[in-house]
Amino acid sequence: MLAIGLLVLLHEGGHFFFSKLFGVRVEKFYLFFDVTIAKWKGALFKFKPKKSDTEYGIGWLPLGGYCKIAGMIDESFDTEQMKQPEQPWEFRSKPAWQRLFIMIGGVLVNFLLALFIYSMVLYTWGETYVPVTEMSQGMEFNKQAHELGFKDGDVLLAADGESFKKFDSDLFRIISEAHQIDVLRQGQPATVTLPGDLNLLEMIQSAPIFCRAYIPAVIDSVLPNSAAAAAGIQKGAVLLSINGKAINSFNQFTDETGRMNDVYKAAKSPQEQLAARTITITYRQQGRTFRASATLGSDMKWGLAPKSIYEPTTTAYGFFESFPAGIKYGCNVLASYVADLKYVFTSDGVKSLGGFGTIGNLFPSSWDWHQFWLLTAFLSIILAFMNILPIPALDGGHVLFLIYEMITHRKPSESFMIRAEYVGFGIVILLMIVANLNDILRLL
């Protein structure tokens, strides 16, 4: 709520700034929507300063916000005002170039805000990661990757001659578009040839994922009074099997536990639930092999953590160094987001859409300023890009009509603009319904 509230406030502030700059009257400036129900106007809070034309307030419906600009057809659908004679302080009376700046003001603020936040994050915390090329024990790959020629233990070096930097979503994107991946295989250089058009969504959403860093099944710590402690597991133990299935890494141990969790959730009786939570594990400790059974809690957690084998590196940035680095980082995020947009038009892409639940799940469960600002910047870039799409009712739709006017020197008719606004508003509402319905279906 804090992140979205901040972004909406500044987005609408961009429209407000350029409106005031060009002498256009702003009738309302609202965070969230003050939807009217019966006789209730819907504002939780509102005030209008003396000698001001603008009413400021907070609505009850947290789906965004709005800046009601006089003499403009927008989401308020105030057609009565448009029937009155044109006034010099109205949006419609201003030159097209001024109206264009008013419309892109929100997008401009969101984009610049994201770049500024990324710069300050790099200045404050730096950039911490484990270089992929230094992951000396290589990666674990799924079935699809094996069929393409990868082998467990391969150390990823470069894609089409460009070295990998860090293990994140960009790595999967680079692999999906690459034709040649250079790897280090058992100490020797090798090459994997790829088609260059792998489905990124399929790579990320498959279980297990396309590739992940190899994590040895060596235990570093055990929580007291946990299922692992009850099974006798201690620091330094090596996990060998779970429910009779051999495991070679901590990743595989996590996979098997996840499958047991699915069985537990699908159980229809207390007896079936108990059976799903009762798991047999084999491990080697102090040169001896042990076999023990443990009954997990309803969270299906063992209470143990693997041994960390890589030390992350941190790149620090000075104040002035952080700005070019932040701009580069933000532009890369935007480019990646735009590149991935093509998947929205596929069946898997539609299923992957998410609403407010998905946005909420992006944030960590405990407060973390570093993650808060990174996610706020990411949402700011999404808000900027989505708003500039040429869809009526969004800023991009108004920009499209303004560009048409500037080229042809003819304004679209008011009746056309009203109909376009209704169509665009309908598209936006439909997308919101689909996205939030996906959240509900995932929850169920």
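The following conversation asks how some descriptions of this predicted model are reached.

Guide: In this predicted model, local features need pLDDT of at least 70 and side-chain atom pairs count only at pLDDT 80 or more, while totals for chains, interfaces and linings use all residues. Residues are numbered from 1 along each chain as its sequence is written, and side-chain values use heavy atoms, with hydrogens and water left out.

Visitor: Why is Thr-257 called buried?

Guide: Buried means under 20% relative accessible area, exposed over 50%, and partly exposed in between, with a 1.4 Å probe and protein chains only. Thr-257 has 10% relative accessibility and therefore counts as buried; the residue is found in helix α8 (residues 250-266).

Visitor: What makes Trp-60 partly exposed?

Guide: Trp-60 has 32% relative accessibility, so this residue counts as partly exposed. Trp-60 lies in the loop between β3 (55-59) and β4 (61-69).

Visitor: Which residues does Thr-257 touch?

Guide: Not counting residues up to four places away in sequence, Thr-257 touches Ile-242, Met-300 and Trp-302, where contact means heavy atoms within 4.5 Å.

Visitor: What makes a set of residues a nonpolar core, and which residues have the most contacts inside the largest one?

Guide: A nonpolar core is a set of buried Ala, Val, Leu, Ile, Met, Phe, Trp, Tyr and Cys residues joined through side-chain atoms within 4.5 Å. The largest has 25 residues, and those with the most contacts inside it are Phe-150, Leu-156, Ile-175, Ile-181 and Cys-211. The largest share of this core, three residues, comes from α5.

Key: Helix = DSSP H or I, 4+ residues; strand = E, 2+ residues; numbered from the N terminus.
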